[in-house]
Amino acid sequence: MLKRGRKREAKGLAVVYFIIGLIILCIILAVIWFALAKLDYSDKLSPDTSMRPYVEMTMSPEQAEATPETDGGFVPDEVDLTEATDAPTPEPTEAPTEAPTPAPTPEPTALPADKCAKPMANIPPLPDNASENGAIGITKCYVSQPDDNKLMHITGYGYVNQDTFDGAQARSWLIVTQVSTNQKMAYPLTLTQGVSGLPHSSAVCQNAASSDFEIYMDVSQYPEGIYSLALVIGYIPEGANKPVYAYYPFSGDISFTVLNGSVITPISASDYE
């Protein structure tokens, strides 16, 4: 009888212990569920942590085509545009100034050899000294390259600047002197009104433009050297009966140089008016 009572007592204690353990396990599970489901841990997170809910969205075909693809199919998160700045406005630039188109250089042309003046056999009478009241100048000197620089065309003017002189009644000659030997040659000038291209507005004489001259020269037979120029003007003063010859040497700069029958240094154009 005693043994049977002890066995019943042991079974009863086991049942009690089981119930107590089960209650404790339920309490522990309840505490864990409450801690996970009910408590707020957002104040324990780092300030940089962004809490946003996850929402699964299904894109339309149009949205799928507009979404940029990256390596592995990853689509980047939304971009923060709050710090974006406006693009700088480009400053207007001035249109470049077009450089002026230079005028084409005219091609050298040959001179008419049949128009070249012939040296005179006799030189007009030359005064011992230069005359006064002379207005002379060379306005153009063209040396022809196609003619191997042997032909030269000269234009200019020369008149006696006093009221008794009439350019329409005058004659002119060009005196060419080899500087080293003082040998002289004389050429009759062709007087062509206006050929100098100058208005002669300061002239006090009559018909100053009629004293404009031109000449074609062939230097192929010239000995080498430097040649100076002078002008002789023959005219009959108003009220006189016989001609007067005025002599006007050009300045030292008005000269040309010949070598091997060609002009190597042409005349520099001048304007003495």
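Residues are numbered from 1 along each chain as its sequence is written. Because this is a predicted model, local features need pLDDT of at least 70 and side-chain atom pairs count only at pLDDT 80 or more, while totals for chains, interfaces and linings use all residues; side-chain values use heavy atoms, with hydrogens and water left out.

**Overall picture**

The protein holds two helices and 10 strands, where helices (H or I, at least four residues) and strands (E, at least two) are DSSP runs numbered from the N terminus. Reading from that end, the order is α-α-β-β-β-β-β-β-β-β-β-β. Of its 273 residues, 27% count as buried, meaning under 20% relative accessible area with a 1.4 Å probe and protein chains only. The exposed surface comes to about 20000 Å², with carbon and sulfur atoms supplying 56% of it; these areas come from the Shrake-Rupley method with a 1.4 Å probe.

**The cores**

A nonpolar core is a set of buried Ala, Val, Leu, Ile, Met, Phe, Trp, Tyr and Cys residues joined through side-chain atoms within 4.5 Å. The largest one has 37 residues, and M152, V176, M217, Y222 and F256 touch the most other members. Elements giving two or more residues to this core include strand 1 (134-143), strand 2 (151-160) and strand 7 (225-235). So which residues does Y222 touch, leaving aside those up to four places away in sequence? They are V176, M185, Y187, M217, Y227, F256 and V258. A second, separate core of six residues includes W173, I175, A186 and V232.

Strands pair if DSSP finds at least two bridges between them. Strands 3 and 4 run antiparallel, as do strands 9 and 10.

| Hairpin | Residues between strands | Turn residue with positive phi |
|---|---|---|
| Strand 3 and strand 4 | five | N182, about 60° |
| Strand 9 and strand 10 | two | N260, about 55° |

Five bridges join strand 3 to strand 4 (residues 184-188), and T177 has K184 as its bridge partner. Three bridges join strand 9 to strand 10 (residues 262-265), where T257 stands opposite T265.

**A loop residue**

V204 sits in the loop between strand 5 (190-191) and strand 6. Its C-alpha atom is 9.1 Å from that of V160, 44 residues apart along the chain. Not counting residues up to four places away in sequence, V204 touches N161, Q162 and D163.

Conventions. Buried means under 20% relative accessible area, exposed over 50%, partly exposed in between (1.4 Å probe, protein chains only). Contact means heavy atoms within 4.5 Å.
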